[in-house]
Amino acid sequence: MVRIGYFGYRGWAFALLDRLLSGIDPSKSDIVLVGTVEYREEAINYGRYANLQFTNPKDSTALETLARSHTLTLALFYGWSWMVPDALTQHLDCLCLHPSLLPKYRGGTPFQHQILNGETEGGLTIFKMTDVLDGGPILQQRQFSLEGTLADILQRVVGRGADATLEIIRQYEAGRVTMTPQTNLDRFPPYKRRKPSESELTIEQLANMSAQDFYNFVRALDDPFPNCFIRLSEREKLLVKEVQMIDRPPKQGTRFDGTRASVGGSTVFQLRGGKAQLVRYAIKEAEPAPVTIERAANRTKPRETLAEL
């Protein structure tokens, strides 16, 4: 019997877990433990999992004790945002699903970095965790499109990730697990995890963006991640969740104001290479902006408006 521990955090990881629970052969494998940390950005029904236990990911001893107490064959860390202690990875096959085709885009927030860099094709990798960040041997990879909304991409991760994981479980059941070492890691240094403050676009940055870049920036930061925002004043910000590319002239009666147009209550920006229309957005109260040299200098200048891009 293959005894599996599943450590998930984000919503897509639990959607994938549901696929595994309905896809494994219960006579050969069993998910005997589900470990998690409460994720407040999404509504996850934790009550569905009878063997679920909450854990403190920063307490390496507690995590190791929890895994060892269930006599696991392997542990799956999917959508997990913390380092797994070496004491665990050295004595147990700990597998991680990373949403990129490793060794490309090692490190934090790989979805965002790929989309922001204009990648149109990506994928996922399931690998054995070692002391090298996202550098362990690979068990499975799946390629897929990065087009569409972030929700579309996450659905591909769930579907392809479940299929790849079930194939791995079958290998463990047969006692024949194939792992391929990663090479050329020095050519792909890990990316840093993006900070919420990096979701801000200044008016100056927006004015220098192409419509495609703006579209990618917004969709890369859709829920449940910190959304794109543009500071309108010291007290207000424009929170942007979704935009559409417009490849046709505005309808008759559309009123342009500089590079901004009002279309049916939405807003259209004329940017380099095209137009982008806001679809889901809101005006929110802004947190105090961090004081930087650039911001301090701009306080002495007349403030630009969105209509003056």
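**Close-up views of a predicted model**

**Figure 1. Make-up of the lining of the largest pocket.** Sorted by class, the residues that line the largest pocket comprise 23 nonpolar, 10 polar and eight charged ones. The structure shown is a predicted model, and the volume of this largest pocket comes to about 1,000 Å³. Among the 41 residues of the lining, those closest to the centre of the pocket are Trp80, Ser81, Gly108, Thr109 and Arg193.

**Figure 2. Secondary-structure elements at the largest pocket.** At least two residues of the lining of the largest pocket come from each of α3 (86-89), β5 (93-98) and α4 (110-116). In the protein these elements belong to a set of eight helices and 14 strands.

**Figure 3. Helix α1, residues 11-23.** The end C-alpha atoms of helix α1 lie 19 Å apart, which agrees with the 18 Å that its 13 residues should span at 1.5 Å a residue. Buried positions in α1 are Gly11, Trp12, Ala13, Phe14, Leu16, Leu17 and Leu20. In general, residues three or four places apart in an α-helix point the same way, because there are 3.6 residues a turn.

**Figure 4. Burial, contacts and surface of the whole protein.** Of the 309 residues in the protein, 49% count as buried, and the accessible surface amounts to about 15,900 Å², with 48% of this area belonging to carbon and sulfur atoms. When contacts between residues at least 6 apart in sequence are considered, 66% of them join residues at least 24 apart.

Key:
Residues are numbered from 1 along each chain as its sequence is written. This is a predicted model: local features need pLDDT of at least 70, side-chain atom pairs count only at pLDDT 80 or more; totals for chains, interfaces and linings use all residues. Side-chain values use heavy atoms; hydrogens and water are left out. Helices (H or I, at least four residues) and strands (E, at least two) are DSSP runs, numbered from the N terminus. Buried means under 20% relative accessible area, exposed over 50%, partly exposed in between (1.4 Å probe, protein chains only). Contact means heavy atoms within 4.5 Å. Accessible areas come from the Shrake-Rupley method with a 1.4 Å probe; for residues, only the protein chains shown count as cover. The expected span of a helix is 1.5 Å times one less than its number of residues. On a 1 Å grid over the protein atoms alone, a cavity is a set of points where a 1.4 Å probe fits but cannot get out, and a pocket is an open set with protein on both sides within 12 Å along at least five of seven lines; lining residues have an atom within 4 Å of a point. Grid points are joined across faces, edges and corners, and a volume is the space filled by probe spheres set on the points. Ala, Val, Leu, Ile, Met, Phe, Trp, Tyr, Cys and Pro count as nonpolar, Asp, Glu, Lys and Arg as charged, and the others, Gly among them, as polar.
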